[in-house]
Amino acid sequence: MHNFLFQLVRSSCQGQLSIIDPSALLRPESKFSYKPVSEYRDYSIDENDPMKERVRRTYTYMHTYQNVDFVEQKMDEWCKFDKFEATILDTLEKLNDLVDESDPDVDIPNIVHAFQTAEHIRRDYPDQKWFQLTGLIHDLGKVMAMYGEAQWAVVGDTFPVGCAWANSIVYSDSTFHENPDTYNPRYNTTYGMYRQNIGLENVLMSWGHDEYLYRVLKNHPTCTLPEEALYVIRFHSFYPWHTGEDYDYLCSSKDMKMKEWVQLFNKYDLYTKGSDLPKMEDLKQYYQSLIDEFIPGVLKW
């Protein structure tokens, strides 16, 4: 039903390829975005623009190598939780050195985005402390990039492996041709290795920071974040689903209810990028109190 969203539009004067992302039409207006919402998630191709080329290259690697075998390998590697031990705030500090190579909107350390997201949620939901903390920590899984993992296996939009690639995956028309699962009859049909309404908890997602942080938190015995928070963390990068409106056929009734939380969170995750820079040092005491309430102690990563 959304094929018209993914047509390729070529400029008659420049021959420049532009890819229409579904979120350009499906996302709501935002009161705190610093630029028109239609200008977010611009995946147009411009070889003369270093940021656009960086983004395209990251997704090309991702779509070439992320398949069932690769994800199972990474799950086994990272879910031993033997890389390091640190508190939430200490791990957040590590993101001061990380710039997300898949993000076409900003070119700033990820820790800044964390506080931007959390503070805008705090202004709109002053009593929802778990939601504020979710905004602060949602990208903490990107710390994998500081421990040897390639960014194309850490950042960017996620998608199911083990079934056909959806049209709403960015660059889907041109980046999956070297992925072996594209040609595997077990995986390249609509349902692939799944069945209708199997539930996203039973779907193998491309490996990245969402799934990793979810697993770290589930492994931490004193984490008391509600299920809604864990769900947002696990699927906030699943744009082909929560924005592109694909893959509903894999979802359970629980998934469809939780989708509302993911979509609510998405506007804070996406539109706060590039807004006013928070005074992070002044905010750390407040967010430490939330950490002490919901995720105290040292976590295994």
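Where is the place of Gly-156? Gly-156 sits in the loop between H6 and H7, helices here being DSSP runs (H or I) of at least four residues, numbered from the N terminus. This is a predicted model, so to speak: local features need pLDDT of at least 70, side-chain atom pairs count only at pLDDT 80 or more, and totals for chains, interfaces and linings use all residues. Residues are numbered from 1 along each chain as its sequence is written, and side-chain values use heavy atoms, with hydrogens and water left out.

Gly-156 counts as buried because its relative accessibility is 10%, buried meaning under 20% relative accessible area with a 1.4 Å probe and protein chains only. Lys-142 is found in that loop between H6 and H7 too, and counts as buried at 4%. Both belong to a "binding site" annotation in an unreviewed UniProt entry, which also covers residues including Arg-41, Asp-157 and His-236; such annotations may be inferred rather than shown by experiment.

His-138 lies in the loop between helix H6 (129-137) and helix H7 (209-219), and is buried at 0% relative accessibility. Leaving aside residues up to four places away in sequence, His-138 touches His-113, His-209, His-236 and Asp-269, among others, a contact being heavy atoms within 4.5 Å.

His-236 turns up in the loop between helix H8 (227-235) and helix H9 (239-242), and is buried at 2%. Its contacts beyond four places in sequence include His-138, Asp-139, His-209 and Asp-269. The His-236 side chain also reaches the backbone oxygen of Ile-233 at 3.0 Å.

Note on methods
Helix = DSSP H or I, 4+ residues; strand = E, 2+ residues; numbered from the N terminus. Buried < 20%, exposed > 50% of the residue type's maximum accessible area, 1.4 Å probe, protein only. Polar contact = N/O pair within 3.5 Å; in protein donor to acceptor, adjacent residues only side chain to side chain.
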